[in-house]
Amino acid sequence: MFIDFEGIDGSGKTTLSNLLAGRLKKLGYRVAHAREGGELRSSTARRVRELTRDARLLEMSPRAEFFLNLARDAQQLEEVVAPALSRGEVCITDRYLYSQLALSGGGRGLPMSELRPACELASQGLWPDLVILVDVDPDLARWRKRLGKALTNKSEAGDSRKGMVGAGLAVRVRESFLALAKEDPRRWLIIENNDAPLHVLEQRLVDAVVARLEGRDTPVQRIVPAPASVPVGPVEVENVEARFFQALDTVEPREPALAVWMLGGLPGLAAHQRRLEFVERFPALTARGLQGLDDEPAWTLREVLAPLAPAQVAASLLGQTGARAAMLRERLYAQAPAEALQGLKGDSSPQAWALRERGVRDGKLSDVLLGLSGVDGEESWVVREAGMQRGLYAEVARSLGGLSDARSDALREALLPHDRLAVLRGTQGLDTPVARGLREALADKATKLVMRSLTGLATEEAWALRERCAPKTKEALDSVDGMNDPRAWRLRVTHASRWPATVLSSLKGLPLGPEARVLIQRVLETHPRKLPALRNAYAVIATAAALDTRATQARASRPAVEAPTQQVEL
């Protein structure tokens, strides 16, 4: 029997396919997994896959990508799948030719009528007996992927070619998978993998597959686990906090690391109390979640976690300046030099430069450059020149972030032949000739990076790009984070149904005024159980409350202005 698992990245298909393989082996079946542990069994297929993932190959056309992916699957078929089936084994694949139809057709927009004959040729007439589509909310899948990167210390700079296109690709691919399943319901089994306990999904999956193996007819086309117990009644702005934490309670038993990850950056007492519950089990993730927080509980927790997770505590200091941050970085440098140095972005204080000089002496020039973004002055240019001499082109390009003068743009021009993506990453919020040229050239090839480079930018070109890309990917909404411009509000309202969680996150940092309340309420009414939407709504509300509290305290701390005394003439 030939069983294929399909689904978008982050859906959990690799986990479930390996669980199924293990259970079938225990039941006495002979099983071959063509991608056991997430790695293709064929070394040739692995090398082909590297080409399709290489973000530097942005000019690769959708057709070329399609044929390379076909070659990968054809090699797996020849080398792994067909031999296993000829031996009478159950063969499990984690992606097969359906992925190429969904990616190239639904995702990239190539005509399905042209793709199907090529897939037939690659298949040699061998198609799965059962296709298991692991279906998941794309926003939740994205949270899981980011968590996976955090757990393996991978940076976003390592995005694949697919990742460069933006999050909209996964949405379109998912829609295509669902359409393929609808065409052939007897072959496809859809299993929802949002919030149900993993052991429940595993057992339901094993039961369905064993029934097929034993020849029992199974009309079940979709496995929908019973929804988690949720309170009755609508979600409103006033009860978002309670509903978010109730939703988090349903996730924690199954994915405790994801529950910790979703607390990241959330201010307020409720979030802080939840973090304290995870300190012993997940010190590193808890520490990472303190980034962007500047309240007293966050600083206290950093002190507690510093001996347990020095690198993550140092990383949480990104954007923090002042004596307290400087002292903590100084203490953490010995254990986490890279994170301490990279967190100095925008900091031109004497303490920051003393740490940079120490880093240079210790041979950490690459990390010094990555923490030099937003810093000008001759000292910074001496460091950049040293980076150029040593061929650290990507790091030098990133160090130019926030600088819009002619000297910076001239260096960007010189860096373009070496690493144009790094140059693009260093143009966030900038309106320079190089930035504009890169955006125009890469808008359709590296859409995510282009949109992120627009963050906070209010030029006519920026708005035109956002409006053009917003129907295709959510990063267009990411680029208006915290913007109170009427055009930002129009963009949010227009695309709230397509990118609900992102529209909410774009409100973070804004006052909780009537316009924001109406938009939050609209999204929550449509998605009352969508965890990423609940989380982002709570983040907006909690941040607005924290900013209000800080403003009130600042006003209260100002010295009273004494009225001038009047001189009484006698």
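Predicted model: local features only at pLDDT ≥ 70, side-chain atom pairs only at ≥ 80, totals over all residues.
**View 1. Lys530 sits in a loop between two helices.** Look for the loop that links helix H30 (514-526) to helix H31 (531-557), and you'll find Lys530 there. Is Lys530 buried or exposed? With a relative accessible area of 14%, Lys530 counts as buried, because the cut-off for buried is under 20%. Its side chain makes a polar contact of 2.6 Å with the side chain of Asp137. Leaving aside residues up to four places away in sequence, Lys530 touches Asp137, Asp139, Pro500 and Ala501.

**View 2. Strand S3 (residues 90-94) is mostly covered.** How many of the five residues in S3 are buried? Five of five are. Val90, Ile92 and Asp94 point one way from the strand, while Cys91 and Thr93 point the other way. S3 also has partners to pick out. Strand S1 (residues 2-6) runs parallel to S3 and is joined to it by four bridges; here, Asp4 stands opposite Thr93. Strand S2 (residues 31-33) is parallel to S3 too, with three bridges joining the pair, and Val31 stands opposite Val90.

**View 3. Helix H8 covers residues 168-183.** Which residues of H8 are buried? They are Gly168, Leu169, Val171, Val173, Ser176, Phe177, Leu180 and Ala181.

Terms used: Residues numbered from 1 in each chain as written. Heavy atoms only, no water. Buried < 20%, exposed > 50% of the residue type's maximum accessible area, 1.4 Å probe, protein only. Polar contact = N/O pair within 3.5 Å; in protein donor to acceptor, adjacent residues only side chain to side chain. Contact = heavy atoms within 4.5 Å. Expected span 1.5 Å × (residues − 1). Pairing = 2+ DSSP bridges.
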